[in-house]
Amino acid sequence: MSSGEQSPAVRVTDLTVAYGDKTVLWDIDLEIPIGSMVAVVGPNGAGKTTLIKSIQGLVPRVAGVVSIHGKPYEKQRKEVSYVPQRGSVDWDFPTSVVDTVKMGSYGDLGWIRRPGKKEHEKALSALEKVDMLEFAQRQISQLSGGQQQRVFLARALVQSASVYLLDEPFQGVDATTEKAIVRILKELTDGGKTVLAVHHDLNTVSEYYEQIAILNVGLVASGRVDEVFNSENLMKAYGGKTSFFPERKSSRRAV
Amino acid sequence: MSPHQFDIQLLAIIVAASCAIPGAFLVLRRMSMMTDAISHSILLGIILAFFLVKDLSSPILIIGAAASGVLAISLIEAVNRARLVKKDASIGIVFPFLFSVAVILLSKYARNVHIDTHSVLLGEIAFAPFNRLILSGMDLGPKSAYVMGSILLLNLLFISFFYKELKVSTFDESFASSIGFRPRLIHYLLMAVVSLTCVGAFDAVGSILVIALIVIPPCCAYLLTDSLFRMILLSVVFGISAAVSGFWVANWLDVNIAGSMAFVCGVFFLMVFLLAPQRGLFGIMREKRKQRMDFAEASLLVSLYNQERGESVKNHPDSRSMFRSADFASKVVEFLKQKGEIAVAGGKLFLTEKGRERVRTTVEGR
């Protein structure tokens, strides 16, 4: 999809992030072509979540520049939609499913203006897309993990952004939800949107994504899955800590 | 009811309502104990501002107090960010320090001023109405009702303007940040509002009991509703009810009013904690009992169903050995008989058509 003159959906240059004296991301250069679906993989502590967060300036960068469609992130905030880890919020918060999804429209509304009928409709249609319409009035504490994840995805869909950053969207969800989320993400990329997702399950990488960024504090490799998702790069990132080797997957899958 | 009693209650109602509004957000943000920090730290601001203007009724005192509340929060967060001590410890370090400085200053330089440590800690709402607002000879009511009324109005304006911002940044801070709201700014605005509220409530209920009015009513409300808006509304209702009934309890027992109001808050919470329909202790126990009974019924029905179809049955239904006691077993049988799902003939249990239906729909359908 990426043509020569088009700016990439996301361009990260020299990105470095540290918490205290611990370097979490080191000198990351990354280009995400428009319309691609990209997996971010790496061992625990590799900085995957930090990458997603620092792209949006949610954690301070020690160095580095992030541009979205060729312009600085700060000017392109509305082009980016963020799905945090499901476990990062308190699901006992007193609110309903539809109200949570409506939060996706808050950015467009700006300060002080209240969501109205239009925002309600938008939230309902996003819920329909993730197959959660019947739960619209349900209290969010009554949802299963998979349903929570769908609500978060619906909230992101309401934002009508062009770049989607998802932090472990498949963490602890049921198989049906996983399939549904993949289908929705595929629809997004088919429509020219760009998806970047932190991913854990190396077994499904080739099936779900066409692009990958392999991370371990530094960027180990990035590019097309069929070109860089190999045991050499995985060894570099995970050391001996993975039993998964892409070459073997046709004969016998690691679980 | 004497005019004086009316004034006290009016003041108590305004204070309670002002406290409950920001309180709902503090509780949801797990920052309840920050109230304690704020309400103690504001004393330092009041005293420093008093040294500056030498007038106890100056509005500068309120500003000084609110500023020191925000200062306390900033210091706690700074200590916390250094990651050398844990969060709760940083609260425990900062506010007693600020409070102690205030107490030292108070006992050294302000002995002749009417701020005594007793009323700082417990407040003296009964005296508050004596300080009247008198304009060209007309008595317009207690001064503190106006001060507190303005603070209540400010709180109402604050949450009605920033309701959506408060909601999203309380629920999901990083998401709120990603869509361009500034959760840190909202956080400090909320802290400023809490500080102001504490200052206002200071006179009435003192620095210890104000925490009861800020934290307890929202906690009661939280257990009773699923909507943020209703939670705030209910918090206000609980706060006002505690204020008024606390006043009459104090009147009846001839004891400290602020203490009685906080005591009633506690009693309210105990009641809600036990009796709330879904989340109360009794509700949860009832639900557990119901689940246990449902499961027992289902296992007996399935066992009968399998027996009927000639399948091997681990626990023979007639022996009822699947149940922990004979008492419980006969209770289960009795319930099922009442529902018409089993029948008893010659000491043996049989499924009725209704019982068979239940096995098919609820158990096998799973």
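Visitor: What makes two residues count as being in contact here?

Guide: Two residues are in contact if their C-beta atoms, placed from the backbone, lie within 7 Å. Keep in mind that this is a predicted model. By that cut-off, 20 residues of chain B are in contact with 20 residues of chain A. On the chain B side, the elements giving two or more residues are α7 (163–171), α8 (173–178) and α10 (228–253).

Visitor: What makes up that side of chain B by class?

Guide: There are nine nonpolar, six polar and five charged residues on the side of chain B that touches chain A.

Visitor: Which residues meet where α12(B) and α13(B) touch?

Guide: From α12(B) come Met293(B), Ala296(B), Glu297(B) and Leu300(B), and they meet Val332(B), Phe335(B) and Leu336(B) of α13(B). By class, this contact has six nonpolar residues, no polar ones and one charged.

Visitor: How do you know that the length of α13(B) agrees with what a helix should span?

Guide: Helix α13 (residues 326–339) of chain B has 14 residues, and at 1.5 Å a residue they should span 20 Å. The expected span uses one less than the number of residues. The end C-alpha atoms are 20 Å apart, so the two values agree. Just after α13(B) comes Gly340(B), with a positive phi of about 75 degrees.

Visitor: Now chain A. What makes β6 and β10 the edge strands of its open six-stranded sheet?

Guide: The strand order is β6-β7-β8-β3-β9-β10, with mixed pairing. Both β6 (80–83) and β10 (218–224) of chain A pair on one side only.

Visitor: How do you know that β7 and β8 of chain A pair?

Guide: Two strands pair if there are at least two bridges between them. Four bridges join β7 (residues 163–166) to β8 (residues 194–198) of chain A, so the pair qualifies, and these strands run parallel. Leu166(A) stands opposite Ala197(A) in β8(A).

Visitor: Which helix lies across β6 and β7 of chain A?

Guide: That is helix α5 (residues 145–158) of chain A, running at about 170 degrees to β6(A).

Notes. Residues numbered from 1 in each chain as written. Chains lettered and ligands numbered in written order. Predicted model: local features only at pLDDT ≥ 70, side-chain atom pairs only at ≥ 80, totals over all residues. Nonpolar A, V, L, I, M, F, W, Y, C, P; charged D, E, K, R; others polar. Axes fitted to C-alpha atoms, helices over the stretch in contact; angles between N-to-C directions.
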